[in-house]
2 protein chains.
Amino acid sequence: MEPPYLLFLGDVADQLAAKTASGILDWRPERCFGQLRLPGCRADLGIPDRTVAEAREAGVRTFVVGVANSGGVLAEGWIDSILEAIEAGLEVASGLHTRLGDVPRIAAAAAERGVTLHDIRHPDRRFSTGTGQRRSGRRLLTVGTDCSCGKMYTALAIEREMKSRGMKATFRATGQTGILIAGEGVAVDAVVADFISGAVEWLAPDNEPDHWDVIEGQGSLFHPAFAGVSLGLLHGAQADALVLCHEPTRRHMRGLPHQPLPEIEECLDFNLRAARLTNPEARFVGISLNGAALCAAEREALFADLAERTGLPVVDPFVTGVGAILDALS
Amino acid sequence: MEPPYLLFLGDVADQLAAKTASGILDWRPERCFGQLRLPGCRADLGIPDRTVAEAREAGVRTFVVGVANSGGVLAEGWIDSILEAIEAGLEVASGLHTRLGDVPRIAAAAAERGVTLHDIRHPDRRFSTGTGQRRSGRRLLTVGTDCSCGKMYTALAIEREMKSRGMKATFRATGQTGILIAGEGVAVDAVVADFISGAVEWLAPDNEPDHWDVIEGQGSLFHPAFAGVSLGLLHGAQADALVLCHEPTRRHMRGLPHQPLPEIEECLDFNLRAARLTNPEARFVGISLNGAALCAAEREALFADLAERTGLPVVDPFVTGVGAILDALS
């Protein structure tokens, strides 16, 4: 997707429903020209409200449907805005389950205007099955005790820190928000099961010996719904370095009140054993906590405890930065 | 798919290319009315050659494309036979990647004649994501050191032995040949990655307390291409009993000369740890060897060695039967 972007929030009911747009704004603010909100919208990114006409005038290239509603459905009331963007010659990107091209009015308008539609959750190519063949270049993968515990934010923070240190690094997106931030990637949870690791091998191919692919993890080996995705991603990533992400106030696996979280040590060990199938040199280089819900004293006690138990650097990207993890890489 | 079947072998070049048909014949001979071979066909199931007209006369309900060629492609030269079957009012079933319904002449003929096409490799429904919630009834899953090492044959042999002992048992097919044998099932390797375990939860639902679902495994946790499928299947199966399948003459993972096979003990331990996420009571109840390539002395030495190392009953379904595994269940 070509920047700059106009971030469309529709008429979503709360800030959380705009988390795709806010993820883009957090990590790629220079690409965000403004937000477009419909009457009734209860989200606000804190950037200027802009019309499609203003966006076109300013050279905006892509209209991004920046919402993540439950079910991934494209609301009927948003279609006119999308058509207006197409009429203005903007490309349209969406991470919803509903394909833009499956809405006849949108498909027809895009065809007539010659505008590209980016249904980024759906892979636009076929993949090969994985091979596990060693590839050149270096790779770091974020893995998690659970879903939604900071794997994308940690990977993006590591890519940024690597670049600030003059290292060669590329964030590799594996989920819809990551793809909209990076402008490319593969939503591995939407790939046909036989091709999970093959898709990741394609996503993070051979590279220069001192180049790091920083690959966004998905799910958790301990999540009963998504562990297959996590394992295929781990094997395909062939990571040299692993970072465990953890949300310390979580009391059960996301969405599953009956399912306890794994112990940190168990999670480290199981991920490492699995990772070594395709990279015998794989090792953990740090733990990344999402400590937003903790007070400073709690956070410090937890950091000290985890560091002592695991011998790994423990960071919170938003509090400490991720420098300690990069120090452990060399 | 409704029996009886007419097994179509096309003009395949060797016996192995007809392995889907021979699997059906091995396990469901009572459903097989005959084979239909085109000129040049080098496979022979050893059952009568029959025409479509003869099949219709005899009450055959389904024309089964019983080939498993590389790439899963529907050959142009087979279309006329399929059209002839449709004209005769037979349903058509295929496990190829090419969908029958994607061939315009086939789709048109089926629509006109009101005949159902079964593209059994492609799921015909949407699944939910898995939950890991405990289900009633009992489950046995075959897992493997590698692909194609006897998981389907072992599961079918166990179902048969259970039934012969008067136990309640249902074979649950997870691959195309298994589906054609069972007449139903889900090809889990063709499910979208997010829904692997959810699809298996759907396939083996709540059941009577003394009923066994005998679930066909796929791939291996140690295969770099397919481990994600295997892990989602393991979690979704929620197996009480696991059987490890192994082909002892295999020198490397199937299709990957650089990838060694796992040690038996490592494979047992890793599968068990993973299985216990959704069933803390999971345990191995046996090892099933595909010893066709071994002489009797080799086989006996291997059986004794594995039994001593693991403490598990070791069987070869075609030599010893699987009774020792059932004995270990109780």
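This is a chat about a predicted model with chains A and B.

Trainee: What should I know before reading the numbers?

Mentor: The model is predicted, so local features need pLDDT of at least 70 and side-chain atom pairs count only at pLDDT 80 or more, while totals for chains, interfaces and linings use all residues. Residues are numbered from 1 along each chain as its sequence is written, chains are lettered from A and ligands numbered from 1 in the order in which they are written, and side-chain values use heavy atoms, with hydrogens and water left out.

Trainee: How many residues of chain B are in contact with chain A?

Mentor: 37 residues of chain B are in contact with 37 residues of chain A. Contact means heavy atoms within 4.5 Å.

Trainee: And how much area do the two chains bury between them?

Mentor: About 2900 Å², with 58% of it on carbon and sulfur atoms. B:Phe270, B:Arg273 and B:Leu277 supply 20% of what chain B buries against chain A, more than any other three residues. Buried area is the accessible area (1.4 Å probe) that two parts lose on being put together, summed over both.

Trainee: How many salt bridges are there across the interface?

Mentor: The rule finds 4 between chain B and chain A. A salt bridge is a side-chain nitrogen of Lys or Arg within 4 Å of a carboxyl oxygen of Asp or Glu. B:Arg121 and A:Asp194 meet in a salt bridge, at 3.7 Å from N to O.

Trainee: What about polar contacts between chain B and chain A?

Mentor: 16 residue pairs are in polar contact, with both residues at pLDDT 80 or more. That term means a pair of N or O atoms within 3.5 Å; within protein, one must be able to donate a hydrogen and the other to accept it, and residues adjacent in sequence count only if both atoms are side-chain atoms.

Trainee: Which elements of chain B give two or more residues to that side?

Mentor: Helix 7 (196-203), helix 8 (227-237) and helix 9 (264-275) of chain B. Helix 8 of chain B gives the largest share, 6 residues. Helices (H or I, at least four residues) and strands (E, at least two) are DSSP runs, numbered from the N terminus.

Trainee: How do the residues on that side divide?

Mentor: Into 18 nonpolar, 13 polar and 6 charged. Ala, Val, Leu, Ile, Met, Phe, Trp, Tyr, Cys and Pro count as nonpolar, Asp, Glu, Lys and Arg as charged, and the others, Gly among them, as polar.

Trainee: Back to B:Arg121. Is B:Arg121 buried or exposed?

Mentor: B:Arg121 counts as buried because its relative accessibility is 7%. Buried means under 20% relative accessible area, exposed over 50%, and partly exposed in between (1.4 Å probe, protein chains only).

Trainee: Which residue of chain B forms a salt bridge with B:Arg121?

Mentor: B:Asp189, with the closest N and O atoms 3.0 Å apart. The two are 68 residues apart: B:Asp189 is in the loop between helix 6 and helix 7 of chain B, and B:Arg121 in the loop between strand 5 (117-119) and strand 6 (138-144). B:Asp189 is also buried, at 15% relative accessibility.

Trainee: New topic. Which residues of helix 1 in chain B are buried?

Mentor: In helix 1 (residues 19-27), they are B:Thr20, B:Ala21, B:Gly23, B:Ile24, B:Leu25 and B:Trp27. They pack against strand 1 (5-10), strand 2 (32-37), strand 3 (62-65), helix 5 and helix 6 (176-182) of chain B.

Trainee: What span should helix 5 of chain B have?

Mentor: Helix 5 (residues 151-164) has 14 residues, so at 1.5 Å a residue it should span 20 Å, and its end C-alpha atoms are 20 Å apart, which agrees. The expected span is 1.5 Å times one less than the number of residues. Just after this helix, B:Gly166 takes a positive phi of about 80 degrees.

Trainee: Over to chain A. Where is A:His211?

Mentor: A:His211 is in strand 8 (residues 211-215) of chain A, and it is buried at 7% relative accessibility. Its side chain makes a polar contact with the side chain of A:Thr170 at 2.7 Å.

Trainee: Which residue does A:Asp210 form a salt bridge with?

Mentor: A:Lys168, the closest N and O atoms being 3.1 Å apart. A:Asp210 is partly exposed at 44%, and A:Lys168 is partly exposed at 33%.
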